[in-house]
Amino acid sequence: MIKNKITGQRRLTFEDVTVKVFSPAQFNELLSGDFLPNLIAKSLDLKRNQSALLKAGLADGGRGGEFFFFSEDNRLILKSMKESERDLLLSILPEYIEHYERNPHSLIAKVLGVFELKFKSREAPFNLFLMQNTLMGIPKSQVLATYDLKGSTVAREVMKKGDDVNKVLKEGKVLKDLDFSKIEGSIYVSPEDREALVQGVTMDTDFFKRHCLIDYSLLLTKINPSESIKNPKFIQSEKPGEEEIYFSLGIIDYLQLYNTKKKLEKQIKVITALDADVNISIQEPPKYADRFRDMLYRITTPVRSSTTSRKSTENLEQRPAPALPNPVSGSPKIAEIVPNNS
């Protein structure tokens with residue numbers, strides 16, 4: 001049973017719906033920089049988002065049971081969630097907030113609020129969470145490719161034999177691990193950026209491991225952003241010929257416990273494959289974390305470029321990094337890279 005650590009609720013009543021806001025004071029601690037309250041209010045302005053809201057699933061009073069909404073400026077996501085996911089997040093919320101304070105290079109896509117909507121036309125309540133979009137305002141027209149990566153090789157392919165790569169990319173499909181291996185192979189980044197990624201993901205996966213969380217993915221997006229909306233958190237490509245290419249990386253879908261249901265699901269897949277070591281997506285939390293970190297090493301190649309003057313780590317918050325755990329087996333030693341400017 002999940003022990004809930006809700007420290008306060010706020011209830012808002014409207015004509016057709018009652019909105020319950022969970023732990024508003026705690027979630028406010030996560031608001032900074034791109035997520036100041038006035039910027040969130042601007043992103044979620046009803047007039048700007050009216051059309052998208054009607055398409056997203058709440059126009060029927062929530063009767064459809066699913067809701068997935070991108071703000072008009074592509075900075076925020078409002079998505080339905082299971083009650084078990086809500087309770088899980090609220091149960092670890094103090095540690096979740098502390099993790100961001102300890103890990104300035106965290107790639108975990110930040111949840112900024114959790115809500116319950118009760119419509120008069122629907123008996124069951126409707127749970128939602130507000131989350132940062134890892135694209136940070138980049139429009140779809142500037143997205144070149146999107147990959148959902150877990151480090152698994154079983155059923156992790158979208159492209160079919162004979163598919164035209166350019167056509168698939170143009171369709172904007174979210175591709176997976178085996179597709180990434182065929183199309184990209186690796187992303188070429190500066191040594192500083194790679195080290196920051198390694199540090200962040202090492203601490204992120206340790207956090208997931210402590211809380212027995214699995215099934216999370218690395219959402220890697222290849223973009224060609226206009227100068228006006230570049231974000232310092234984007235990673236610049238160091239591959240020759242890709243000087244204007246950047247990468248957005250974020251960890252998503254992390255509210256899944258390794259529970260009895262997942263253990264049973266894993267055993268069924270292992271038996272079906274007739275291979276105890278088959279690299280399916282579901283793994284025990286320690287093994288899942290190690291595989292995820294190994295994947296990051298594998299898909300990033302450090303390259304020093306004399307033509308690139310902007311380094312994405314320069315504008316990240318600078319603070320001493322806490323001591324890191326030992327790197328996974330077979331991986332190079334992780335150096336502490338965050339300078340102390342105090």
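**Exercise 1.** Is lysine 233 buried or exposed?

*Solution.* Before we start: this is a predicted model, where local features need pLDDT of at least 70, side-chain atom pairs count only at pLDDT 80 or more, and totals for chains, interfaces and linings use all residues. Residues are numbered from 1 along each chain as its sequence is written, and side-chain values use heavy atoms, leaving out hydrogens and water.

Step 1: find lysine 233 in the loop between strand S10 (217-223) and strand S11 (235-236). Strands are DSSP runs of E with at least two residues, helices are runs of H or I with at least four, and both are numbered from the N terminus.

Step 2: check the cut-offs. Buried means under 20% relative accessible area, exposed over 50%, and partly exposed in between (1.4 Å probe, protein chains only).

Step 3: lysine 233 has a relative accessible area of 54%, so it's exposed.

**Exercise 2.** How do the axes of helix H5 and helix H8 cross?

*Solution.* Step 1: pick out H5 (residues 93-102) and H8 (residues 191-210); their axes come within 11 Å and cross at roughly 165°. Axes here are lines fitted to C-alpha atoms, for helices over the stretch in contact, with angles from 0 to 180 degrees between N-to-C directions.

Step 2: angles over 145 degrees count as roughly antiparallel, so H5 and H8 are roughly antiparallel to each other.

Step 3: who touches whom? Glu95, Tyr96, His99 and Arg102 of H5 make the contact with Met203, Asp204 and Phe207 of H8 (contact means heavy atoms within 4.5 Å).

Technical notes
Parallel < 35°, antiparallel > 145°, perpendicular 65-115°, else oblique.
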